[in-house]
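Here are my notes on this one, point by point. Have the chains open while you read.

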Amino acid sequence: MTLGPLGFTAPWLLLALVALPLLWLLLRAIPPAPVRRRFPGVALLLGLRDDDSVTDRTPWWLLLLRMLAVAAMIVGLAGPVLNPREQAAGARDGPLLVVLDSSWAAARDWPAQRALLDSMLAEAGRQDRPVAILRLTAPAPPVYRAAGDWRSRLTGLAPDPWPPSPAMMTEAAQALGDRAAEVRWFSDGLARPGRAELLAALEDRGPVTVHESPAPVLALTPPAMAEGSIELTARRVLPGGPREITVAAHGRDPEGIPRRLAELPLSFAEGETTASGALSLPAELRARLTRFQIEGQDHAGAVTLAGDSLKRREVALIAGREDREGLELLAPTHYLEKALAPTAEILDGQLMDVLPANPDVIVLADVAQLSGGEQAGVMEWVEKGGLLLRFAGPRLAASDVSREEEAPLMPVRLRAGGRTVGGAMSWGEPKSLAPFPEDSPFHGLDIPPDVTVSAQVMAQPDPALADRVIAQLSDGTPLVTRKAIGQGQVVLFHVTANAEWSSLPLSGLFVQMLERLAVSSAVALPEMGELEGTTWQPVQVLDGMGRLQEAGTLPGVPGPRLRGDPLGPDLRPGLYEGPDRRLALNVVDGDTSLAPAAWPARVPVEGLARPPETPLGGWLLAGALALLTADILAALALSGRLLPARAAVVVLAALAAPDPAPAQQDGDKALRAATEVVLAHVLTGNAEVDDTARAGLRGLSETLFFRTSVEPADPAGVDLETDELAVYPLLYWPVTPEQPIPSEQAYARLNEYLRTGGMILFDTRDADIAGFGAASPNGKKLQRLARPLDIPPLEPVPDDHVLTRTFYLLQTFPGRHSGRQVWVEAAPPDAEKIEGMPFRDLNDNVTPVVIGGNDWAAAWAMDRRGNALFPVGRGFAGERQRELAYRFGVNLVMHVLTGNYKSDQVHVPALLDRLGQ
Amino acid sequence: MTDPAPLRARAEAEAAPLPPLLARAEHLAGTVLLGEHGRRRAGMGDDFWQYRPVQPGDARRDIDWRRSARSDTEFVRQREWQIAQSVLIWVDDAAAMRFSSDAQALPEKAERARLLALAVAVLLNRAGERVGLSGHDLPPRRGEVQIARLAQALVQAGDADYGAPRTAGLLPQGRALFVSDFLGDMAPVRDALTSAADRGVRGVLLQVLDPAEEAFPYRGRTIFESMGGTLAHETLKASELRAQYLARLAARKDELARLCAVAGWQYHCHHTSDSAQTALLWLYRAFDAAEAA
């Protein structure tokens, strides 16, 4: 039975509500039960009357309270359920087939889909329906399993960054099998070919319900460069009202750390499906951009990768002749500037000035001789991967560069003078270009017939010449030669960069050749012909949620597939690295069709929100209980017996009141430590270790008391999070694998403590089983504990460390174990032994940490009567070891308290005397 | 024939309270030092009272020759008049007296009343008075046996809800001690006092009350019942009744004090929470004053 959003599992119980008026009458008539009391003074009471205002009837509000309690109980027992599921019979008893679009567009509200799917699976589990889940992005024949089985895998289910292609839809439709099932289709809301066919196939199997999120799909198309700024276009599927979005540009900062570098607000006008904006950034910043993302949209379609398309190569143009004022068209670099300006950043300046800017390309137009410094600088730059592009010209032809010997920065030797063909004073026609050979980077470019060369510099025939020619004239003379130097290369155009020697700079071929040489960067995808035969390796790929992930072992992709092939499991969107550049393959580009999915009217389309089924019975019964409790109080109040109850409440409140003692105690602790010398140990939370540390410090304190003028008070346990540290000269820190890592604040105070002269003695207590390092659990823990600490470089205690002679003369520092070295702050590298003195003048302060694993506390540990708590070694040797442990402790405390006093050279003669030297 | 065994057991149970009551009464009486109990006038007695010159009519054997020899006139030696008085005690044995608001800390009113009455009896007996118990066929007599009889009679409990003073056996010019809570009907009390005053009997009225009867610390809906169950009063808010109850109690006390003043009696109100000794001292003094008056 349902009432609005309420349903009842046992509606017949509601009939009991009819009894409520009867209850009203009954309750009204019964006053609260009186107390019978024997009292001789009753004789005096006879005839007294009660105050009229007091009635023996139950007050109406108490009655109402009780009625409400009873009503709540009745309704609660009737099992009310908010938003009950329709328990429709028939076809819904059979198996359930869940179809997921599971594309990038579905990722925009994947959590909602997953929650709905989870509740659906839970329901199916209750009804024992087998469930199959079919993902259209990875179609496979549906496998029906128990719903609980699917639920356990639900967290692993993630949307894919590619949309289901028509082929996938067809495959899914064919793989459906014959089993009839109720179908729930989680659509991503985008129209795609093949949907209708799949829907028909699904409807053959059973009733289909579509779940579609009403949230609009937003997508970002790849950025384009326009007039020096980045053009960004966002698209939406449904033209709705005006909407503002923010596109964030992510990239690396100069240190290489990924950051959000810029943001661009975009606004969709009403009824528009696209929103564009231009983001103007400095070239330096732009070159570091890696991706753009619509804020608040966590799916692959809202992310677009920049690849190399935003990277503009920096080209330095250096001309040999700067003095031809006014003759712009004859300037050696004019055509280069025109060709490069749209796609590259052009640097002007002297060669030595532009080299530090590390341009991608340096163009030397008719520059013959480079000075020694320039030559070395350029050489170094080329070897690191620079492209040196040289053009010939009258100067180069007239110079002796690369005449006898091949100059390092020239690809070939040149013959003197060059040649001129087809001029007024020469034979022959101007030469045209020969087709580019297969191994040339220019292979495949069309050669316009009107490109002619009338003058050029000639290469000396050479055994290596043939390999270096990448373009030649129709008579076989080299036109462009190339030589690899280190990681870079030198390319020489045997003609001028202006139109004096050839018409090449006037043609489109010139620009294409520059592009092929990667002097200028391509804006769009490379041409098909260029992609032929190349393999592109994925570097980073997008997942469905729009996160970039390392590609790992994904196989390379043949170049032609990058153009036009639909995205899929073997062609994921992401960054691909090719022969000379990185290419971004994005989920959405300008051509991707984005249209809302159209479902036939017969298919019910529901949202993802599904009000959860909430049983209310428990709440109502709890409410009834609360009302009855209130009734008890009210009845007590009415019969005047609430006073003791009130007193009990007051007592309870007093008991529950916080005890102000600990704060006081803490202050006392610090005060005590400040008044006397108190050794402290860090509380690890392990009671046994803490007790041992405490007993050990007590033993050390006793020893100090007996043997030295240091008279410490009882040791204290220190909680790093709450206690004041500055009052303790020494912290003993036993390391256990399970102790908690202190908080940031605690570390800040520890560092402050170390900087102001405190000392921490770290004890891993495992020298019997482990060497120094991270081998043991305690050692690993120590590393984690000490990482945030401000600890200087360490070294094993050197023989002449002040720790060896602050009180006793020691060379070993055993505790319960005498295992391994003890580490202290390293001596400065320039510490030297002064002539005639046996000790170096080491650090002028106390080492902030002493690290070892000898379990000193156990060796020091003493009970109240001075008996050792733990055995050390065996027999006399063991006692000797314990004695040495005490001596180490005494030395340590002396070192902490006196600093470098014993290091003072004043004491050397006395020490020498005792050492017998 | 009744079975002797239960009879014996019953008898022992009955007798059980006697020795403690006696012992306590003796103990209590022992705390009071007996002072002069003469009649403050010449008369028959053992103690010397005065010498006076011989007057005509005096018997010659009354002359105290030793005293007379020291002077010219003859003197008669007079002794203080000592006479045994009869004291009749009435202790309320009604059910109302068997009330104690706190059974752990406070004795029942009846117990306190018995104790005081017996202690007074012990004291009077020592002083040579004759003590009897009204209503129990115990005419005033002297001696330890009489005390034992008194004790035996006192432990018997009556059936009535509220007791009324019994004046039967009151000797003219005698003394009387009425111990009760006087919470019941006042008419018998009034009658008793009037008849006692008519016979020239003077005495003491001791009202024994429980602290709860004095304070009325009750609240909430309550049905108050008398100890015998014959009277009942129901209230919804007992705390509301306190003021009226206390006023009535004060009126009752006033009336008692007034009656006593009119009849030449003395009135005292004793609470079971107070020490029995103070009440005994007061009683002793009161009897002294009654004798002297």
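1. Start in chain A, where A:Val480 stands opposite A:Phe493 in strand 27 of chain A. Strand 26 (residues 478-485) and strand 27 (residues 488-493) of chain A run antiparallel, joined by 6 bridges. Strands here are DSSP E runs of at least two residues and helices are H or I runs of at least four, numbered from the N terminus; two strands pair if DSSP finds at least two bridges between them. The two strands form a hairpin with 2 residues between them, and A:Gly486 in the turn has a positive phi of about 60°.

2. A caveat before going further: this is a predicted model, in which local features need pLDDT of at least 70 and side-chain atom pairs count only at pLDDT 80 or more, while totals for chains, interfaces and linings use all residues. Residues are numbered from 1 along each chain as its sequence is written, with chains lettered from A and ligands numbered from 1 in the order in which they are written.

3. Now the other side of strand 26 of chain A. A:Val480 is also the bridge partner of A:Ala471, and 3 bridges join strand 25 (residues 469-472) of chain A to strand 26 in the antiparallel sense. This hairpin has 5 residues between its strands, and A:Gly476 in the turn shows a positive phi of about 90°.

4. Is strand 26 of chain A mostly covered or mostly open? Mostly covered: 6 of its 8 residues are buried, meaning 20 or more other C-beta atoms, placed from the backbone, lie within 10 Å of the residue's own. Across the 917 residues of chain A, 37% count as buried.

5. A contact here needs C-beta atoms, placed from the backbone, within 7 Å.

6. Finally, the interface. Chain B brings 32 residues to the contact and chain A brings 22. Helix 8 of chain B gives the most to the side of chain B that touches chain A, with 8 residues. Strand 3 (residues 35-38) of chain A pairs with strand 8 of chain B in the parallel sense over 4 bridges, and A:Arg37 stands opposite B:Phe224 there.

Key:
Contact = placed C-beta atoms within 7 Å. Buried ≥ 20, exposed ≤ 12 C-beta atoms within 10 Å, placed from the backbone.
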